[in-house]
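Here is a short report on how the parts of one structure meet. Take a look at the model before reading on.

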2 protein chains.
Amino acid sequence: MSPTIAVIAPGAMGSGIARRLTEHGAAVPTLLDGRSAASRARAQAAGMQAADEAAVAGADIILSIVPPGEAAALAERLAPALRAATRKPVYVDCNAVNVDTVKAIAAIIAPTGSGFADGGIIGMPPVPGTPGPVLYLAGPAAKDLGVLAGLGLRIRVLDGPVGAASALKMSYAGITKGLTGLAAAMILAASRDGAAPALHAELAESQPQLLARFGKGLPDMYAKAYRWVAEMREIAGFLGPDDPARLIYEGMAGLFERLAADVAGEKQDIAALDAFLAIGKADAAA
Amino acid sequence: MSPTIAVIAPGAMGSGIARRLTEHGAAVPTLLDGRSAASRARAQAAGMQAADEAAVAGADIILSIVPPGEAAALAERLAPALRAATRKPVYVDCNAVNVDTVKAIAAIIAPTGSGFADGGIIGMPPVPGTPGPVLYLAGPAAKDLGVLAGLGLRIRVLDGPVGAASALKMSYAGITKGLTGLAAAMILAASRDGAAPALHAELAESQPQLLARFGKGLPDMYAKAYRWVAEMREIAGFLGPDDPARLIYEGMAGLFERLAADVAGEKQDIAALDAFLAIGKADAAA
């Protein structure tokens, strides 16, 4: 019998992973009540099935793939059905939450008798013809998730407790998304003070790899800035109150909040960033 | 007659630039009272001459190359001698100070009748056989400094007011040194939560350029962390009170302060960073 892998919710990442699972023969139930028409359409296109909590709890594996602020609430919502289930699934929190948060979610799931694994997804949602992101797994039940590898997912089991996969996800995003934040902040500041062309020229000469990275990374960020606000706050929480670097990520959250508002509104910052990235393009094309 | 280019002070950057100037025939007076034996030795090796304020004010050009916190004080100290000088030099503030600070320094120099240029040095101190750093110049007197190019320095004149060179320096350092800070913060946090090997493996696979950069950039930073504290504070000031990204650089200042204390003391953070960078090295050597 084909395995049943519940995936909640059908966002870009969740539906991308669900499609890969259904293409490999898995049944993929999900929760759709209260979801937008766009979510329902994504779920249907990915071959997912609308289900209730009891049906989700009857799956072999549950993958929680939601915005970081909704991760604990989903565990709370499913806990009664998991407690009632006779055959217990493994619940995998795949979200960009910090170590304390994932431990709190593990503590919500533990009394239900279900297995629990800490997951962290690194990479973009799977699209046909690409290998897709890597799902890192940690915690005692991580070793029971090998079936996912046979269903088209790239999984890597970490030798660490619940929290290790989240720590990996936080630290990786703190570097890669953090770098995009530094670039946005400094390019905007240089532009305000008339130094944008000189900054572009100096980066082109002494940091060509970084400049090339910004050319793709900044425009890719615009539409995601609103989601990165919560992720940067999770990274601040991951660092804890005594780490001076915590402030760095609180500042990043504020920066992405401002950029998200600009994307949704005046688009002045976006225009300044695009103007910076366009420096030299006209010359090169001429 | 050979030009006279005063350089204050004979730190690593100042003495490196002074040596290049003296090798090209310039006389290079400097202020040495109150300086350490090491500074005096560096000054002598670079061919610099001990001088008083009046002799410094008699130079053709004065290059201020001091820690950011001392930049305004040096201008104040030299102002009386500049006011008294019959033939006025051009005073160039080459320091990693923010736009407001360099404008304040320009306002100290203006009443003396001397010319003023805003400078920003990007790159490491010159060593024999390398082209050396670039000295960016902005402001009305920048165009009068072409003589420096004939004396072995790489100069670039920006088409901008006083502040443009500082803005360039701030924004460039905010990206490059900021990236080193992100790496240090995230590697230390991952190490605390048992995720360092996984972070190393993921960076090696998906961000090999960044990982290679950290292998050099982190150890190079250890001895400079104490200086970067002030530079990060200048960048925070450069962003101003209304920019949410200001907090990023206040956090960076705190991080480098902690790292500087660790370098001078227990060396626990340094050991964790070195251990991270050594991952895979033993395998590669075996």
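**Between the chains**

The model is predicted. In it, 52 residues of chain B are in contact with 52 residues of chain A. Together, chain B and chain A bury about 4,400 Å². Carbon and sulfur atoms give 69% of that area. On the chain B side, three residues lose the most area to chain A: I175(B), L182(B) and M186(B).

One pairs the side chain of E205(A) with that of R154(B), at 3.2 Å from N to O. Polar contacts between chain B and chain A number 14 residue pairs, with both residues at pLDDT 80 or more.

Which elements of chain B give two or more residues to the side that touches chain A? They are strand 8 (154-157), helix 6 (164-192), helix 7 (196-206), helix 8 (208-222), helix 9 (225-239) and helix 10 (246-264). Helix 6 of chain B gives the largest share, 18 residues. By class, this side of chain B has 33 nonpolar, 9 polar and 10 charged residues.

**Between the domains of chain A**

Chain A is assigned two domains: domain 1 (5-160) and domain 2 (166-285). Their centres, taken over C-alpha atoms, are 30 Å apart. Contact involves 16 residues of domain 1 of chain A and 12 residues of domain 2 of chain A. The area buried between these domains is about 1,100 Å², with 65% from carbon and sulfur atoms. Within domain 1 of chain A, A96(A), N98(A) and I122(A) supply 42% of the area buried against domain 2, more than any other three residues.

The count of salt bridges between the two domains of chain A is 0. Polar contacts there come to 4 residue pairs, both residues at pLDDT 80 or more. On the domain 1 side, helix 5 (99-109) and strand 6 (115-122) of chain A each supply at least two residues. Strand 6 of chain A has the largest share, 5 residues. That side of domain 1 has 10 nonpolar, 5 polar and 1 charged residues.

**The buried areas in a table**

| Interface | Buried area and carbon and sulfur share |
|---|---|
| Chain B and chain A | about 4,400 Å², 69% |
| Domain 1 and domain 2 of chain A | about 1,100 Å², 65% |

Notes
Residues are numbered from 1 along each chain as its sequence is written. Chains are lettered from A and ligands numbered from 1 in the order in which they are written. This is a predicted model: local features need pLDDT of at least 70, side-chain atom pairs count only at pLDDT 80 or more; totals for chains, interfaces and linings use all residues. Side-chain values use heavy atoms; hydrogens and water are left out. Contact means heavy atoms within 4.5 Å. Buried area is the accessible area (1.4 Å probe) that two parts lose on being put together, summed over both. A salt bridge is a side-chain nitrogen of Lys or Arg within 4 Å of a carboxyl oxygen of Asp or Glu. A polar contact is a pair of N or O atoms within 3.5 Å; within protein, one must be able to donate a hydrogen and the other to accept it, and residues adjacent in sequence count only if both atoms are side-chain atoms. Helices (H or I, at least four residues) and strands (E, at least two) are DSSP runs, numbered from the N terminus. Ala, Val, Leu, Ile, Met, Phe, Trp, Tyr, Cys and Pro count as nonpolar, Asp, Glu, Lys and Arg as charged, and the others, Gly among them, as polar. Domain bounds come from an automatic or database domain assignment.
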